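Trainee: I have a model open on my screen and would like to learn how to read it. Could you walk me through a few features?

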Amino acid sequence: MLALLALAACEEERIVFEGPDFVRFTDTTLVFKESIGQLIPVSVHVVGKALNQEVTVNYTVGGNAREGRDYIIEGTKGTVTIPAGKYSGTINVRLINNANNVLNSQDVLFTLTGVSASNELMLGQNGGNLGKTLRLTIQDDCLLSGYYTGTRRGSTDAVPNIEISSVDCKTYTVANWNIGLTGQGLLFNLTAVKPIIQFIDKGDNTLTIPKQVTPELPSPYDTLSGNGIFNPQTRAITLNINIKVRRDATRDTIVSVPFTYTPRN
C-alpha cells in the first residue's frame with residue numbers, strides 16, 4: 001500500500017511542459033582552443049513540440065573575433081534550419097589555427113533575431129533573453145600545440161588525435177609517442193600504451209628533447225633524449241627520439257627512432 005502511495009505521489013509530481021513553445025541556443029557559452037581542428041556545432045533547438053514544417057531561425061554574428069582570420073562559418077551565414085519534424089539545427093563553426101605564441105582569447109557572439117514560424121515559436125526561453133545569445137570563446141594556443149596524426153619512419157601505423165600541448169609555448173608535451181613499436185620484439189617491447197615525451201622549442205624551428213625518464217616504460221627503455229625540427233610550411237613536427245636499449249647482458253646502446261606528427265587541420 002505504501003509503495004502504491006509513493007508511486008502515485010511521484011506521478012503527481014511529474015512536470016509537463018505546457019508552453020509557450022520557443023527556440024533557443026542549446027548552450028549559452030562555449031570555449032575552445034583554436035587548435036581543435038574540427039567543426040564546432042552550435043546548436044539551436046525547439047523547446048516544445050516539433051513542427052511539421054521546416055523552421056528557419058535568423059541570427060547575427062558579432063564579437064571581437066575576426067571572421068576569416070580567427071574562424072569561419074560553414075554554410076549559409078545568418079540562418080540555421082530546423083528540418084520538419086526535428087527539434088534542432090546546427091551552425092557549423094571552424095576555428096582557424098593562427099597560433100603565434102600570444103596567449104589571448106577572442107569571442108564570437110551569436111544572437112537570435114527571428115524565426116519563420118513566429119506565430120508558433122517564440123525566441124529565447126519563454127520569450128525572454130535566456131538562450132537568445134551564445135558566446136563562443138576562442139582561446140589562442142601555442143605555435144606547436146594542437147592535435148596531430150603520428151607516424152614512424154619504416155612503419156605503416158598511423159595514430160590520430162595525438163595532442164601536443166604547452167602552457168608556456170616553450171616546453172611541449174606529446175601525449176603519445178609509442179607508434180608502431182609495441183610488439184616489435186625485444187628491441188621495442190614497450191609495455192606502456194601511451195607514453196609521453198617532452199621537447200623544447202628553441203625558437204628557430206629546431207627542437208631539443210632533454211634527457212628524461214618515462215616511468216611507464218621498463219628499464220632501460222625508459223631513458224629518452226633527442227632532437228627534432230618544425231616545418232613552418234606544413235606545420236609538421238619531426239622528433240628523433242633516442243631510446244636506450246639493452247645491447248647484451250652487460251651493455252646498453254642508443255637507438256634513434258624518427259617520428260613525424262602531422263597537424264590534423
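Trainee: Which residue stands opposite Thr-151 in S18?

Mentor: Thr-151 faces Thr-260 there. Strands here are DSSP runs of E, at least two residues long, numbered from the N terminus (helices are runs of H or I, at least four). Two strands pair if DSSP finds at least two bridges between them. In this model S11 (residues 146-152) is joined to S18 by five bridges, and the two run antiparallel. Before we go on: this is a predicted model, where local features need pLDDT of at least 70 and side-chain atom pairs count only at pLDDT 80 or more, while totals for chains, interfaces and linings use all residues. Residues are numbered from 1 along each chain as its sequence is written, and side-chain values use heavy atoms, with hydrogens and water left out.

Trainee: How many bridges join S17 to S18?

Mentor: Ten, again in the antiparallel sense, with S17 covering residues 237-246. Ile-237 stands opposite Tyr-261 in S18, and five residues separate S17 and S18 in their hairpin.

Trainee: In what order do the strands of the barrel follow one another?

Mentor: Eight strands close into the barrel as S11-S12-S13-S14-S15-S16-S17-S18, with antiparallel pairing. From one strand to the next the twist averages 30°; axes are lines fitted to C-alpha atoms (for helices over the stretch in contact), and angles run from 0 to 180 degrees between N-to-C directions. One of the pairings is S15 (residues 206-213) with S16 (residues 223-230), over six bridges, where Thr-206 stands opposite Ile-229.

Trainee: Is Thr-223 buried or exposed?

Mentor: Buried means under 20% relative accessible area, exposed over 50%, and partly exposed in between (1.4 Å probe, protein chains only). Thr-223, in strand S16, has 15%, so this residue counts as buried.

Trainee: And how are aromatic pairs described?

Mentor: By the distance of the ring centres and the angle of the planes. Rings of Phe, Tyr and Trp (its six-membered ring) pair if their centres lie within 6.5 Å; planes under 30 degrees apart are stacked, over 60 edge-to-face, the rest tilted. A search of the whole structure gives four such pairs. Trp-177 and Phe-259 are edge-to-face, at 5.9 Å centre to centre and 80° between the planes. They lie 82 residues apart, Trp-177 in the loop between S13 and S14, Phe-259 in S18. Trp-177 is buried because its relative accessibility is 0%, and Phe-259 is buried at 0% too. Elsewhere, ring pairs link Phe-25, Tyr-59 and Phe-110 into a cluster.
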